[in-house]
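Let's take a walk through a two-chain model, one piece at a time. Have the sequence and the 3D view open, and keep them side by side as you read.

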Amino acid sequence: MDKSLQKLEADLENLIPRGLSDQGKHQCEQLIDRLAEQDKVDSAEIVPLSSTSLSWKSSAAAAAVILGVGLGSGWYLGNYVNDSNATPVVVEPEIQSGIFGGDLITTVPAQDGKGKTIVINGTTENGDDEINVKSRTGENITLRFSEAQ
Amino acid sequence: MSSTSPAHGTAWKDWLNENASRLLAYARQRCESMEEAEDVLQDALIKLWHYQEERDYRPPDIPLAFSVLRYIGLDHGRKKGRQEKRNQKIVQFQSGQDEWLDPTAEDTEDAIILRREVDQLPEKLREVLVLKIWSGLTFAEIADLLKISNNTAASRYRYALQQLQKKLKHLKDSSHG
């Protein structure tokens with residue numbers, strides 16, 4: 001391997017993977033304690049950290065959704081479920097606006113700090129963690145917002 | 001059948017402390033968030049514990065841990081796929097805090113770009129890169145885990161590095177151009 005690739009390797013090794021979150025560590029340790037006590041643990045009993053209390057509000061007059069782009073920390077547009085080649089896009093965290101398919105989407109953190117307010121073409125939808133919308137072409141699309149630990 | 005004791009629990013916790021980061025780094029490749037990756041890790045812990053019953057509940061060898069994690073991760077992905085409607089797209093927005101490579105206060109621009117570009121590598125290349133760089137497996141162990149040849153593992157790794165290098169060069173040239 002040439003020196004430039006070796007340098008790249010070294011640069012990559014300097015990036016440190018994230019460890020368990022506090023909650024994750026606590027949950028794992030509790031799990032180990034239960035297993036050590038010969039408690040029969042079924043994975044179905046474990047409350048997933050990724051589960052969110054979904055408060056849906058299906059939008060009757062929905063719009064196509066994708067946010068606009070920006071570099072830096074903030075909201076991260078993940079891949080479509082059915083499109084593993086989609087490129088993640090990072091958008092600014094505070095007030096975010098973008099246009100997709102001619103529809104303007106704006107998200108603003110809610111005043112009480114819980115959830116977000118989503119405005120689609122001027123119509124306000126209160127989103128907690130997920131909101132269903134329908135695109136102009138009739139596609140069902142779910143916007144899922146999450147704060148990572 | 002072996003019986004368990006608190007000492008086993010302590011040994012496993014120590015093992016987890018030592019290995020959680022690299023296990024999570026790999027689990028994250030199969031998940032959409034760090035939280036999901038932690039869920040997958042917990043499921044893997046349960047399975048591993050039961051596997052190790054015949055080995056006096058010793059903490060597992062790392063290759064076995066990755067093998068179980070891979071299986072759980074694949075299964076998790078399949079279950080998730082079935083839960084979501086086929087004709088429903090899910091656009092996932094996550095805060096930048098979900099990065100599985102820990103950003104630090106002194107991050108250089110190169111480090112930020114590198115983290116982003118690693119995430120954008122094709123899955124097969126990224127998987128080998130993660131296993132080699134951050135999970136600490138050898139090419140032989142990676143090959144065994146992924147059911148590929150040693151040569152294929154090494155090739156994918158080299159190709160991943162080349163792809164990253166090419167992308168970084170292109171970005172730098174674009175920003176200076």
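Start at Tyr57(B), which sits in the loop between helix 2 and helix 3 (62–83) of chain B. A quick word on terms: helices (H or I, at least four residues) and strands (E, at least two) are DSSP runs, numbered from the N terminus. This is a predicted model, in which local features need pLDDT of at least 70, side-chain atom pairs count only at pLDDT 80 or more, and totals for chains, interfaces and linings use all residues. Residues are numbered from 1 along each chain as its sequence is written, while chains are lettered from A and ligands numbered from 1 in the order in which they are written.

So, is Tyr57(B) buried or exposed? Tyr57(B) counts as buried because it has 23 C-beta neighbours inside 10 Å. The rule is that a residue is buried if 20 or more other C-beta atoms lie within 10 Å of its own, exposed if 12 or fewer, and partly exposed in between, with C-beta atoms placed from the backbone. The phi angle of Tyr57(B) is near 55 degrees, a positive value in a residue other than glycine.

Now hop along to Lys147(B), in the loop between helix 6 (139–146) and helix 7 (150–176) of chain B. Its phi is near 60 degrees, again a positive value in a residue other than glycine. Lys147(B) has 7 other C-beta atoms within 10 Å, so this residue is exposed.

Helix 6 of chain B also holds Glu141(B). Glu141(B) has 20 C-beta neighbours inside 10 Å and therefore counts as buried. Along the sequence, Glu141(B) and Leu64(B) are 77 residues apart, yet in space they are 9.9 Å apart, C-alpha to C-alpha.

Next, look at a pair of helices. Two packed helices are described by the angle between their axes and the distance between the axes. Helix 1 (residues 6–27) and helix 2 (residues 34–51) of chain B pack at an angle of about 115 degrees, and their axes are 9 Å apart. Here axes are lines fitted to C-alpha atoms, for helices over the stretch in contact, and angles run from 0 to 180 degrees between N-to-C directions. Helix 1 and helix 2 of chain B are therefore roughly perpendicular to each other; angles under 35 degrees count as roughly parallel, over 145 as roughly antiparallel, 65 to 115 as roughly perpendicular and the rest as oblique. Helix 1 of chain B brings Leu23(B), Leu24(B) and Ala27(B) to the contact, and helix 2 of chain B brings Ala37(B), Glu38(B), Val40(B) and Leu41(B). (Two residues are in contact if their C-beta atoms, placed from the backbone, lie within 7 Å.)

Zoom out to the whole of chain B. Seven helices and one strand make up its elements, in the order α-α-α-β-α-α-α-α from the N terminus on. Of its 177 residues, 42% count as buried.

Chain A has two helices and eight strands, and 25% of its 149 residues count as buried. Its mean pLDDT (the predictor's confidence in each residue, from 0 to 100) is 56, and 26% of its residues reach 70 or more. Over residues 52–102 of chain A, the pLDDT is below 50. Where pLDDT is low, the predicted coordinates should not be read in detail.
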